[in-house]
Amino acid sequence: MSVRYIRRPTEVAAIRAAARSARPLPPVPALMAALLDANARRDREGTTLAAHRVVRAAAPEVGE
C-alpha cells in the first residue's frame with residue numbers, strides 16, 4: 001500500500017511568497033540581549049535560536 005502526499009495549493013503559494021520576501025533581522029544588540037535573556041532563563045532552544053540569528057545578522061554571507 002503506497003502513501004500519497006497531496007499538496008495543497010495554498011502551501012505552494014505560501015512557500016513561493018516566503019522565498020520572495022526579504023525578512024530583515026533585528027539589530028545585533030537586540031539579538032544579543034535576547035541571547036543573554038534566554039541563557040539566563042536556561043532556555044536551550046531559545047539560546048540556540050538567538051545565537052544563530054546573531055551570527056546571521058553579523059555576517060549575512062555565512063548562511064548563503
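**Notebook: helix H2 and its neighbour**

I looked up what the buried side of H2 faces in this predicted model: the buried residues of H2 pack against helix H3, residues 44-58.

Entry on H2 itself. I checked the extent of H2, which runs over residues 28-40 and has 13 residues. From first C-alpha to last, H2 reaches 18 Å, close to the 18 Å expected at 1.5 Å a residue. I then listed the buried residues of H2, which are Leu31, Leu35 and Ala38. They cover an arc of only 70° around the axis, so they lie on the same side of H2. The general rule is that an α-helix has 3.6 residues a turn, so residues three or four places apart point the same way. On the other side of H2, I found Pro29, Leu36 and Ala40 exposed.

Entry on the pair. I took the axes of H2 and H3, which come within 8 Å and cross at roughly 160°. The two helices, H2 and H3, are therefore roughly antiparallel to each other. I noted the crossing of H2 and H3 as left-handed. From H2, the contact is made by Val28, Leu31, Met32, Ala34, Leu35, Ala38 and Asn39. From H3, the contact residues are Gly46, Thr47, Ala50, Ala51, Arg53, Val54, Ala57 and Ala58.

Entry on the loop. I looked at Arg42, which is in the loop between H2 and H3. Phi of Arg42 is near 60°, a positive value in a residue other than glycine. Is Arg42 buried or exposed? I put Arg42 down as exposed, because its relative accessibility is 75% and the cut-off for exposed is over 50%.

Notes
Residues numbered from 1 in each chain as written. Predicted model: local features only at pLDDT ≥ 70, side-chain atom pairs only at ≥ 80, totals over all residues. Heavy atoms only, no water. Helix = DSSP H or I, 4+ residues; strand = E, 2+ residues; numbered from the N terminus. Expected span 1.5 Å × (residues − 1). Buried < 20%, exposed > 50% of the residue type's maximum accessible area, 1.4 Å probe, protein only. Arc of directions from axis to C-beta. Contact = heavy atoms within 4.5 Å. Axes fitted to C-alpha atoms, helices over the stretch in contact; angles between N-to-C directions. Parallel < 35°, antiparallel > 145°, perpendicular 65-115°, else oblique. Left-handed = near helix turned anticlockwise from the far one by under 90°.
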